[in-house]
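Here's a quick briefing to read with the model open beside you. Have a look at the chains first, then work through the notes below.

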Amino acid sequence: MAEATEAAASMVTPDMVERKGVWSEVRTSPPVAVSDIRKWAIAVYWPEQPPRLFWDEAYAVTTRWGGIIAPQDFNPFAWPVERPTMGGPPARGAGASQGGPRHVMNGGQSDTYGVPIRPGDVIASRSRLRDWEERPTRLGETLFVFNENEWTNQAGDLVKLRVSTTIRY
Amino acid sequence: MAVNVHFEDVSVGDQLPAWSRRTDLMSWNRFAAVNDEFVPIHMDDEAGRAAMNEAGAFGMGNLRYAYILNALRDWIGDEGEIREVGCQFRAINQKGDVLTVTGTVTECRLQDGENRVHLDVNVLNQDGAATCPGHAIVVLPSRAS
């Protein structure tokens, strides 16, 4: 009986329990173009000029990287031709649930970076609901949901592992 | 091949050179364009107010995150490497805000064969409000290598 009461009070859904630790299908990006990287760098450094490493191949070959690399927040999945039915940016959502908590907040993110993205790369992405923690906070009973999104390049090298935290209360 | 900073020259307590940008629709729209991030709250004052921000449209957390990376990249130079960055989005980036990335070195150590420097980072607005507290780890070249 106590178990039933506890389960009723929890914001953890059966769907979350089922999906915990299960990787999504892999999505792949279109090949990254030099121009994609240049435009991204200009946008995030606006209105100043971005570092030459992101757009000047003649310079970039003289660095340890041996050529142009992308800024580390570069998103190769932007501008897909086929759009998700519900719209919105990709790969946000493992762990989302219907109903339950009244409030949902972005609790932040932490990225671990491996090799940089380079022109010509094709990036593979998969995500999963890693785990969660439910505890009382000043917001009341609060559920912290941790999602992982992993990017690898065509050689299988890790590019980025993002852990995102969603707060529900 | 210029090296901005060597591992041996960094100490706990050192400050990241301040990195600032004034943000408004000129920067937000450009970021929306490259990231395909066309969300009404970042483009339209009416949508921003409907989302309970009285001042109207407001900036993307992802752009503030990019500013942290940019500040780190400008400090470490092209021979350094950014290994980890994490942050929380605490306050809204209002139109016309001047955002400044700050950072303080908290640890320097050799780990997994890398010269790693750990930092606490943040993005402050012109009023000194901390909008984006977080951490970073960068890898710096050594004078010995």
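Two strands count as paired if DSSP finds at least two bridges between them. Helices (H or I, at least four residues) and strands (E, at least two) are DSSP runs, numbered from the N terminus. This is a predicted model, where local features need pLDDT of at least 70, side-chain atom pairs count only at pLDDT 80 or more, and totals for chains, interfaces and linings use all residues. Residues are numbered from 1 along each chain as its sequence is written, while chains are lettered from A and ligands numbered from 1 in the order in which they are written.

**Strands in chain B**
- β4(B) pairs with β5(B) (residues 134-139) in the antiparallel sense, over six bridges.
- Across that pairing, V121(B) has G134(B) as its bridge partner.
- β4(B) (residues 114-124) also runs antiparallel to β3(B) (residues 98-111), with eleven bridges joining them.
- Here V105(B) is partnered by L119(B).
- The hairpin of β3(B) and β4(B) has two residues between the strands, and D112(B) takes a positive phi near 50° there.

**A helix in chain B**
- α3(B) covers residues 61-76, and its 16 residues reach 23 Å from first C-alpha to last, close to the expected 22 Å (1.5 Å times one less than the number of residues).
- Of those 16 residues, 14 are buried (buried means that 20 or more other C-beta atoms, placed from the backbone, lie within 10 Å of the residue's own; 12 or fewer is exposed, and in between is partly exposed).
- Just after α3(B) comes G77(B), with a positive phi of about 80°.

**Where the chains meet**
- 26 residues of chain A are in contact with 28 of chain B (contact means C-beta atoms, placed from the backbone, within 7 Å).
- On the chain A side, α3 (34-45) and β2 (104-113) each supply at least two residues, and β2(A) gives the most, with eight.
- β2(A) also runs antiparallel to β2(B) (residues 81-87), joined by four bridges.
- In that pairing, S110(A) stands opposite G86(B).

- Chain A averages a pLDDT of 88, and 85% of its residues score at least 70 (pLDDT is the predictor's confidence in each residue, from 0 to 100).

How values were computed. Two residues are in contact if their C-beta atoms, placed from the backbone, lie within 7 Å.
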